[in-house]
Amino acid sequence: KNGELRILLCDDAPLNRFKPSVDYLFNSIAELSICKNTHAAILTGMGEDGARGMLKMKKNGAYTIAQSEDSCVVFGMPKAAIEFNAINDILDIDAMTEALLGARPKCA
């Protein structure tokens with residue numbers, strides 16, 4: 001109502017073996033008309049969860065960033081998103097807040 005968007009938790013099957021799944025969230029956002037006004041980040045973590053959904057978001061106009069390898073504890077998820085060409089910028093964790101709030105930095 002009133003243009004609000006809400007996240008609804010559901011009991012759907014795992015996506016790509018994960019539940020909850022970042023891909024599930026990103027795929028849902030990619031299907032919305034507001035996707036082109038969305039900023040999304042993928043942070044430290046293992047595996048590829050989020051990479052495919054982030055690519056779909058990027059293709060639909062979202063601004064996407066990945067945490068840099070140097071600032072990650074585990075570089076798996078950001079690395080997968082980078083390899084899928086789903087990322088506009090690669091940033092250290094300290095630069096991500098400003099980027100997500102709207103100041104688009106140059107690629108690292």
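Which residue forms a salt bridge with Asp 11? Select Asp 11 and Lys 19: these two form the salt bridge, and their closest N and O atoms are 2.6 Å apart. A salt bridge here is a side-chain nitrogen of Lys or Arg within 4 Å of a carboxyl oxygen of Asp or Glu.

Before going on, note that this is a predicted model, in which local features need pLDDT of at least 70, side-chain atom pairs count only at pLDDT 80 or more, and totals for chains, interfaces and linings use all residues. Residues are numbered from 1 along each chain as its sequence is written, and side-chain values use heavy atoms, with hydrogens and water left out.

**Stop 1: the segment before helix 1**

Asp 11 is exposed, at 66% relative accessible area, while Lys 19 is partly exposed at 44%.

The peptide bond that runs from Lys 19 to Pro 20 is cis, with omega near 5°.

Move to Arg 17, in the segment before helix 1. Its phi is near 75°, a positive value in a residue other than glycine. Arg 17 is exposed, with 75% relative accessible area.

Then pick Leu 15, again in the segment before helix 1. Leu 15 is partly exposed, at 27%. Leaving out residues up to four places away in sequence, Leu 15 touches Ser 21, Asp 23, Tyr 24 and Asn 27. Touching, or contact, means heavy atoms within 4.5 Å.

**Stop 2: helix 1 against helix 2**

Select residues 22-30 for helix 1 and residues 51-59 for helix 2. Helices (H or I, at least four residues) and strands (E, at least two) are DSSP runs, numbered from the N terminus.

How do the two axes lie? Those of helix 1 and helix 2 come within 7 Å and cross at roughly 15°. Axes are lines fitted to C-alpha atoms, for helices over the stretch in contact, and angles run from 0 to 180 degrees between N-to-C directions. Helix 1 and helix 2 are therefore roughly parallel to each other. Angles under 35 degrees count as roughly parallel, over 145 as roughly antiparallel, 65 to 115 as roughly perpendicular and the rest as oblique.

**Stop 3**

Which residues of helix 2 are buried? Select Ala 51, Gly 53, Met 54, Leu 55 and Met 57. The buried residues of helix 2 pack against helix 1, strand 1, strand 2 (63-67) and helix 3. Helix 2 is followed by Gly 61, whose phi is positive, near 100°.

**Stop 3: the other salt bridges**

The count comes to 3 salt bridges. Select Glu 31 and Lys 56, which form a salt bridge with their closest N and O atoms 3.3 Å apart. This pair links distant parts of the chain: Glu 31 is in the loop between helix 1 and strand 1 (39-42), and Lys 56 is in helix 2, 25 residues apart. Glu 31 is exposed at 60%, whereas Lys 56 is partly exposed at 30%.

Next select Glu 48 and Arg 52, whose side chains meet in a salt bridge at 3.3 Å, N to O. Glu 48 is partly exposed at 39%, and Arg 52 is partly exposed at 41%.

**Stop 5**

Finish at Asn 85, in the loop between helix 3 (76-83) and strand 3 (89-91). Phi of Asn 85 is near 60°, a positive value in a residue other than glycine. Asn 85 is exposed, at 52% relative accessibility.

Key: Buried < 20%, exposed > 50% of the residue type's maximum accessible area, 1.4 Å probe, protein only.
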